[in-house]
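Here is a walk through a structure, one step at a time. Keep the view open beside the text.

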Amino acid sequence: MPPPRTRGTALRHRLAELRGPDVPAKALDARALAALAANPGCARRAILDGAGVNKTALASALGSPSAFGQSQFALTRGNAFEAKVKADGGAELLRLVHEKLDRSAEPPADARVPDLTATGPQGRTARTALELREAAAHPGAWTLLDHPMLALDVAGSPAFLEPDAVVVHPDGSWTVVEIKSFPLLDGSADPAKVGAAARQAAVYVLALEEVAVRLAHETAPAPRVRHRILLVCPKDFSNLPAASAVDIRKQRAVTARQLARLTRIEDIADTLPEGTCFSPELPAEELTAAVESVPATYAPECLSACELAFHCRARSRETGAVTSLGRPVRAELGGLATVEDVLAAARGEAGDPDDPAVAALRRAAVLRAEALEAACR
Amino acid sequence: MTTVFDPSAAAAQATDAILHDTLHGTARGVVVDSPPGAGKSTLVVRAALELAEAGRPLMVVAQTNAQVDDLVLRLAEKNPELPVGRLHSSDADPYDKALDGLENVRKSAKAAELAGLAVVISTAAKWAHVKVDEPWRHAIVDEAYQMRSDALLAVAGLFERALFVGDPGQLDPFAIVGSEQWAGLAYDPSASAVTTLLAHNPDLPQHRLPVSWRLPASAAPLVSAAFYPYTPFRSGTGHGDRGLSFAVPSDGSGPDRVIDEAAASGWGLLELPARHTPRTDPEAVQAVAAVVRRLLDRGGAATSERSAAPSPLTADRIAVGTAHRDQAAAVRAALAGLGVPDVVVDTANRLQGREYDVTVVLHPLSGRPDATAFHLETGRLCVLASRHRHACIVVCRAGVSDLLDDYPSTEPVQLGTVVKFPDGWEANHAVLAHLAEHRVVWRP
Amino acid sequence: MSLISTLARLEAVSTGRAQPAATVRHRHLGDHPLVFVPLTTAGEAGAPLGALVGTDRDAPRLLVVPQPRDRDLRFAFLAELADVVLPYIDGYAEAVEAAERTETDPETGKRVKVEVELCADAPQLIVPSRAGIDLVRLLGRSMRFRRTAEQDPEAPYPAPPRVPLLGRWLTHFGERARVPGSSLLLAMTDVLGRHWAIGQSTLEDQHLGALLAWIDPPEGVTGAEAALRAELERDERGQLTCPPAGPATDPAFDNKLLAPAIERYDRARTALAAAEDGLEADDRLGALTAAEREIRDLLLSRTRPTWDAVWRGLDLLRELPEGAHVEERWTRDRWSFTGHRDRVLAGEPPQPRRDDAVTAANKLATREREQARLEAQEALDDPLVMAGRRLAGEAFAGEVTDVVMAYSDGKRPSPRPLVTVRTDDRPQLGERTKVYRSLGGKPQSAEFVAAEEDGACVVLRILDKMGRGKEPEPGSVPEKGDRVCFTLFEHEQRGGAKLPDPEETPWTHGGPPGEALPEAADPVTEEDVL
């Protein structure tokens with residue numbers, strides 16, 4: 001159930017305040033999606049991404065700049081590869097879609113490649129929807145949408161998404177295409193990177209499904225959005241394209257669920273003090289207080305996913321949280337959550353000896369000391 | 001549906017088709033998916049007897065010695081005249097002593113000494129060391145979904161054709177070292193035997209046993225929907241066919257209330273206050289033990305389609321399931337403390353294939369500060385939630401749904417591998433949502 | 001992570017210094033390891049950018065690809081790498097000792113002992129981090145199917161002569177590194193992380209500089225502070241003062257320093273090509289050399305700190321005494337090395353792109369066996385590892401409080417003494433659980449009989465290693481007052497079942513793969529990265 005309109009508007013207004021005056025909302029990009037996947041339970045990440053705060057700028061303003069950067073070599077190479085894949089009206093790309101996903105269809109020839117240029121993200125989104133509707137009016141033809149723009153309602157405000165390409169098949173179904181620059185070596189690729197690509201594609205699929213529903217009318221059902229996407233990568237050590245179909249049903253289900261939970265950001269927003277603002281223009285002290293007013297659940301996985309990770313890590317270490325050493329560390333510690341609590345329990349200075357976690361810690365400490373002593377002898 | 005579902009007829013039809021393909025089909029393999037309690041062992045015994053009757057030398061491959069011994073006993077029970085060979089290892093106590101009492105069962109550590117017998121049964125590990133000049137005409141591979149592809153590779157040369165039987169919803173086989181480099185290959189040695197078999201032989205006839213005779217009508221729909229979304233099954237019994245009653249009325253305590261809830265509905269959730277605990281959470285362990293103690297104390301009686309008279313709910317009809325061995329040990333100790341020495345307490349791995357009237361389960365995620373892939377593995381939960389004929393009582397701390405919501409979804413994706421359903425997250429939520437309707441909140 | 005290692009990490013946090021995670025060294029370190037510190041170009045699959053390589057810590061050899069997109073320069077790099085690595089490997093191929101191996105006689109089918117050569121020692125490659133091992137594999141894959149002009153005169157862009165051979169060797173090293181406990185190719189971060197508990201997460205342990213800072217911080221700062229500095233500190237040009245161990249470079253380095261330098265190099269090259277006379281060419285050659293020198297200096301500045309860090313890591317590791325079973329595992333590495341040497345000498349083709357079904361299953365079986373062996377041996381070699389097993393209930397130690405002589409039933413009764421051990425450990429013993437202790441390096445087995453005094457005393461029945469006589473041999477039965485340590489895991493690993501030969505792959509696994517065709521070389525395209 002979507003929240004009532006008035007509440008939605010109020011939330012949008014509130015989120016704009018959190019961003020700061022005249023700061024535009026940042027799109028929910030691949031990095032934000034990765035951060036969501038890596039730490040869905042983090043309230044700080046949820047509110048910042050939900051409000052479209054630029055976390056890179058925020059991290060720098062806080063004095064803990066993020067370490068994400070892109071080498072211009074990688075950028076150049078990636079762009080060159082994508083251009084190559086899409087050259088000649090996307091002939092190679094469409095050939096791969098046909099070969100990997102839809103062999104029974106007519107091979108693509110004279111595919112439609114509509115122009116999607118428009119002003120602003122709203123304009124481009126509308127343009128994309130229009131061309132998708134147009135494609136539905138051309139059954140039997142292949143259509144390639146190069147860098148379409150999609151909108152997805154995330155916590156009451158539209159997030160804009162830009163897939164590398166969307167292909168409309170002759171049967172009217174849609175396929176998301178992801179073009180990546182990591183190689184497909186002897187048919188396999190880095191599983192972590194494929195996983196990230198699949199999660200990214202799942203978001204595009206969800207956004208497309210919303211568009212599809214709107215296209216349905218009495219005489220025609222909604223176009224089908226395929227749940228196998230096409231991943232295009234350089235083949236082996238060349239820059240020739242190779243492709244693989246990826247089943248993203250699982251990622252789609254997980255992301256749909258996580259996005260549904262994002263409505264909680266209303267609740268998070270409600271807990272913030274009046275006037276809280278995350279604008280990077282603010283002095284560092286004020287900004288730190290604002291960021292600290294919403295709790296984070298830092299884990300080391302954040303380092304590779306979230307711009308704010310260094311800031312949160314420093315805080316997490318300061319408070320002595322054991323999770324700064326990794327989530328699994330807590331598994332056997334029961335209710336003990338800080339380094340000092342654990343060590344005090346292990347030394348026998350604190351903790352209930354009948355608690356199995358405390359008992360095991362003491363035993364571990366004794367055994368460890370005994371072994372180290374034996375080694376010294 | 002216009003016709004009334006007749007479970008016996010549906011099961012018989014499936015069995016006939018399987019036996020027909022096995023005895024008269026031309027394919028080299030036949031695959032049978034069997035959900036929990038769908039009569040897999042009965043099928044294996046029947047197929048073995050019919051193949052033997054048809055004069056076809058048969059080898060049977062099972063995964064553990066207990067499974068092998070169980071099959072030998074069942075075969076002998078059905079046909080005491082049948083000459084059966086039990087091939088065993090050369091370790092001490094290699095087989096169940098009960099086999100010594102069977103006249104027509106010959107036991108040996110050497111395959112040559114069992115040559116010529118109608119049926120020879122052993123574990124996959126033992127078969128892997130056997131060399132033959134002439135392969136067996138037929139084999140039955142039991143628990144094929146729990147067998148690793150490389151184990152099948154080691155024995156497949158011993159037979160010409162085979163019937164593969166197993167439960168796809170239970171725990172997958174695993175390797176103790178990384179095997180990513182073969183992910184996506186049809187013959188990935190760490191995959192399940194059936195996965196490899198079907199990747200290379202996609203046209204083999206595949207069957208499914210459609211009826212669970214174990215799970216009651218209260219459990220089959222949930223287990224089917226949560227763990228077998230694409231291969232649903234039904235319960236062989238109706239809602240009125242089974243009943244659980246207690247002579248001693250409830251004393252109003254948490255354990256008694258959850259027992260009554262489970263007796264009435266087939267499910268019970270005893271929810272303890274939210275708290276992060278180590279695996280051997282003393283309160284949860286005590287709660288499990290208390291429930292078992294009360295199950296015994298209250299003079300339970302189970303009625304079912306099996307007999308007209310109710311049968312008493314004795315210690316051997318109850319089992320406790322946990323995720324970890326130390327939890328099982330802690331529950332055993334707690335039970336011993338309450339004077340209950342003879343209730344089976346084991347991990348999901350060891351409870352696979354077993355059946356009880358009532359099970360008490362310590363939820364794998366209870367009290368955990370974090371969820372891991374191990375705890376979310378659907379097979380584990382599936383095993384724990386599908387061992388019972390009457391009722392399943394789950395003991396768990398509150399807060400597991402939040403834990404699931406916070407679980408990161410950063411699984412790597414291997415190109416070329418088949419996506420396995422259901423997802424652990426979804427299955428866990430489905431079970432939790434169902435259990436929530438049978439919740440008894442208790443502060444010990 | 002076991003509770004003991006968690007505790008060690010937390011102690012590291014609290015003290016600001018790494019804590020021991022091992023009391024002995026569990027990996028072999030050769031006297032002359034070859035250290036390899038590679039860098040790659042961002043965005044391209046393993047395209048080499050440069051490397052420091054060598055066996056002399058004071059004289060590393062710097063290899064550079066001044067323009068990573070130039071095929072000839074990449075080939076020159078690989079050829080130079082082959083010039084360093086192959087003679088190093090060859091140096092171990094010659095010295096051999098006689099050894100025995102059991103083989104199946106092709107005629108009789110019987111298992112017979114044959115005299116074979118075993119290389120007396122083996123080469124050892126050390127890279128800074130796990131990503132370095134991946135790169136070794138990738139380089140191996142990219143080179144082993146290359147064709148040289150000699151192999152195929154028609155081949156476009158023939159590879160320099162020794163490059164395919166280097167590819168085969170790097171592939172072998174990369175594959176061997178997947179075997180638990182092997183030491184032919186090691187990542188310094190992994191080995192350090194195995195021996196020290198660091199006050200941060202395992203994800204962060206892949207940073208070599210931070211790891212060393214925790215283990216051996218400079219005077220006056222804690223390990224935690226030094227590690228943070230190693231991880232994040234940048235100089236006035238925005239460059240990390242402790243460059244990443246690679247093979248990936250820091251984007252700030254690429255964008256601010258490397259890209260302009262490569263551009264200057266390109267311009268100098270274009271200018272040289274356009275030179276109209278010898279004099280002009282001489283000048284422009286000078287400019288080109290200078291541009292190349294600049295790139296070399298840049299890459300040296302990024303690799304040298306890592307190079308020094310690897311050697312410092314080696315120093316630290318050498319301070320630990322070698323574990324008792326390390327030598328035995330290294331012998332397996334020597335067998336592995338000798339085997340590959342023989343395959344190369346016999347003219348066998350390079351390793352295929354994909355394992356066949358039987359090879360894959362055999363490799364998995366070997367690795368599982370080696371993993372179990374490693375876990376058992378590390379525990380036997382190192383009381384700290386054994387402590388972890390004891391805490392997990394997989395072993396127990398204590399004092400013998402009683403020994404009662406008993407005998408087996410049967411015609412010739414053998415000694416089966418009952419030994420009572422008092423222990424504070426809580427082993428997971430069930431009815432007749434087998435347990436093992438090390439007796440003169442060999443495992444002696446016993447079985448669990450009973451627990452007494454609420455588990456504080458364990459009664460065992462000793463089963464073997466007591467000689468053939470009626471009375472046990474002296475010293476073969478523990479005596480009252482002895483300290484003993486029994487494990488629930490076996491000390492030695494049984495060999496697995498023999499799998500069919502690949503040509504007898506059964507129908508369940510796709511049938512025989514057929515005549516092995518030589519693997520085709522990767523098709524060469526205009527813009528290959530390797």
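Start with H13(A), which has 21 residues. From its first C-alpha to its last it reaches 30 Å, close to the 30 Å expected at 1.5 Å a residue. The expected span is 1.5 Å times one less than the number of residues. Helices (H or I, at least four residues) and strands (E, at least two) are DSSP runs, numbered from the N terminus.

A word on the source: this is a predicted model, in which local features need pLDDT of at least 70, side-chain atom pairs count only at pLDDT 80 or more, and totals for chains, interfaces and linings use all residues. Residues are numbered from 1 along each chain as its sequence is written, while chains are lettered from A and ligands numbered from 1 in the order in which they are written.

Which residues of H13(A) are buried? They are A:Pro356, A:Ala357, A:Val358, A:Ala360, A:Leu361, A:Ala364, A:Leu367, A:Arg368 and A:Ala371. A residue is buried if 20 or more other C-beta atoms lie within 10 Å of its own, exposed if 12 or fewer, and partly exposed in between; C-beta atoms are placed from the backbone. The cover over these buried residues includes H12 of chain A and helix H9 (282–297) of chain B. It also includes helix H1 (3–15) and helix H12 (383–391) of chain C.

Now turn to the meeting of chains A and C. Here 41 residues of chain A are in contact with 44 residues of chain C. Two residues are in contact if their C-beta atoms, placed from the backbone, lie within 7 Å. On the chain A side, helix H5 (72–101), helix H12 (339–347) and helix H13 (356–376) each give two or more residues. H13(A) gives the largest share, twelve residues. By class, this side has 25 nonpolar, nine polar and seven charged residues. Ala, Val, Leu, Ile, Met, Phe, Trp, Tyr, Cys and Pro count as nonpolar, Asp, Glu, Lys and Arg as charged, and the others, Gly among them, as polar.

Chain B touches chain A too: 26 residues of chain B are in contact with 32 residues of chain A. The chain B side divides into nine nonpolar, nine polar and eight charged residues.

Next, chain A as a whole. Its secondary structure comes to 13 helices and seven strands. Of its 377 residues, 48% count as buried. The domain assignment, automatic or from a database, gives domain 1 (7–26 + 35–68 + 265–324), domain 2 (72–259) and domain 3 (333–376). The C-alpha centres of domain 2 and domain 3 of chain A lie 53 Å apart.

Look inside. The largest nonpolar core has 220 residues. Such a core is a set of buried Ala, Val, Leu, Ile, Met, Phe, Trp, Tyr and Cys residues joined through C-beta atoms within 7 Å. Among those with the most contacts inside it are A:Val177 and A:Leu361. Helix H7 (residues 191–215) of chain A gives the largest share of this core, 13 residues.

End in chain C, with helix H8 (residues 251–273). H8(C) bends by about 40° at C:Leu258, and C:Pro260 follows within four residues. The bend is the angle between axes fitted to the seven residues ending there and the seven starting there. The buried residues of H8(C) pack against H5 of chain A together with helix H9 (278–318) of chain C.
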